[in-house]
Amino acid sequence: MFLNSIKMLLSEMLRKKTVVFTFFLVFTFVIANFYHNMFYNSEIQYISQMYDPVKMLTLSDWSVSGYFFMEYFPLLVVVPTSCAYLTDRDTKMKIYIESKTGKGYYWYAKLTVVFLTTFLVFTVPFFIEIMLSGVCFDFHSAGDPSNFPYVQILEYENQYFLSQLWLNHRVLYGIVMTCFFGIVSGILAMFNFSITTLPFFKFKIFTFFPIYILFYLLSFFTKLLNLDYTINYFFILRMFNLKEKNYIVYTVFLFLLLIISFVLIKRKTIKDDLI
């Protein structure tokens, strides 16, 4: 029953205009970055002088397109699923699905589908970019967008997150970091969705704000506590950024969001069972 609920909800979710719109908007950032890389490489005569294609991906710290993408990320990450509950409630889709699968199945299946939808929207365009880069560029290119001396580049590369994976399997590193980005995006969307099930979210416009408020509070506490490391999503989610980061704290934070999400959904299932 649970899998049937997921299939039914996922099929319905992927056809939503907001999901399709966000997917193509993310893909637009990817294409803009890919075009920029094509234009740059067309002016270079030797492969050895070309930048490493992985370091020029949209999620890389050197991507101009990626910079603007990350600026709008707090809004984009909630657009596909922010109104998922309110829409189901207003259109009576919730009642229809519950009649087919049961009340408890609906809530947990919906939470799972929110994660899966967001994960797909925020990974598939970047996977396509990696494939296009593999076809059009040479992954053995030795150029580096930092333009630092070779010894300094090696020093920096040993400081990257999962540096050993980067040094031994660069393409796999890009794939893993893209998956990491998709997982974080999915968790943020789950948290946003679960928060919008609270009674005071009566209007759809308010469902876009929880993640913005969350990121604002994080930046506020960073300044208040004078942390020696950044917890700013802008620096953590982009590849190759060398700002001091504490991934243990960030992992705990993500688990906390997951716990809050499941607690709120559990609350809704109990409330529905009492009705």
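Helices α2 and α8 (residues 124-136) pack at an angle of about 20 degrees, and their axes lie 9 Å apart. Axes here are lines fitted to C-alpha atoms, for helices over the stretch in contact, and angles run from 0 to 180 degrees between N-to-C directions. The angle makes α2 roughly parallel to α8 (under 35 degrees; over 145 would be roughly antiparallel, 65 to 115 roughly perpendicular, the rest oblique). The model is predicted: local features need pLDDT of at least 70, side-chain atom pairs count only at pLDDT 80 or more, and totals for chains, interfaces and linings use all residues. Residues are numbered from 1 along each chain as its sequence is written, and side-chain values use heavy atoms, with hydrogens and water left out.

From α2, the contact takes in Phe23, Val26, Phe27, Val30, Asn33, Phe34 and Met38. They meet Val124, Pro125, Phe126, Ile128, Glu129, Leu132, Ser133 and Cys136 in α8. Contact means heavy atoms within 4.5 Å. By class, this contact has 12 nonpolar, 2 polar and 1 charged residues (Ala, Val, Leu, Ile, Met, Phe, Trp, Tyr, Cys and Pro are nonpolar; Asp, Glu, Lys and Arg are charged; the others, Gly among them, are polar).

Now the rings. Rings of Phe, Tyr and Trp (its six-membered ring) pair if their centres lie within 6.5 Å. Planes under 30 degrees apart count as stacked, over 60 as edge-to-face and the rest as tilted. The count comes to 14 aromatic pairs. One of them is stacked: Phe23 with Phe27, at 6.4 Å centre to centre and 5 degrees between the planes. Both residues lie in helix α2 (residues 17-42), 4 residues apart, about one turn of the helix. Helices are DSSP runs (H or I, at least four residues), numbered from the N terminus. Phe23 is partly exposed, at 22% relative accessible area. Phe27 is partly exposed too, at 21%. Partly exposed lies between buried, under 20% relative accessible area, and exposed, over 50% (1.4 Å probe, protein chains only).

Phe73 and Phe181 form a tilted pair, 5.2 Å centre to centre with 45 degrees between the planes. This pair links distant parts of the chain, 108 residues apart. Phe73 is in helix α4 (residues 73-76), and Phe181 is in helix α11 (residues 170-195). Both are buried. They also belong to a cluster: ring pairs link Phe29, Phe69, Phe73, Phe122, Phe126 and Phe181.

Terms used: Helices (H or I, at least four residues) and strands (E, at least two) are DSSP runs, numbered from the N terminus.
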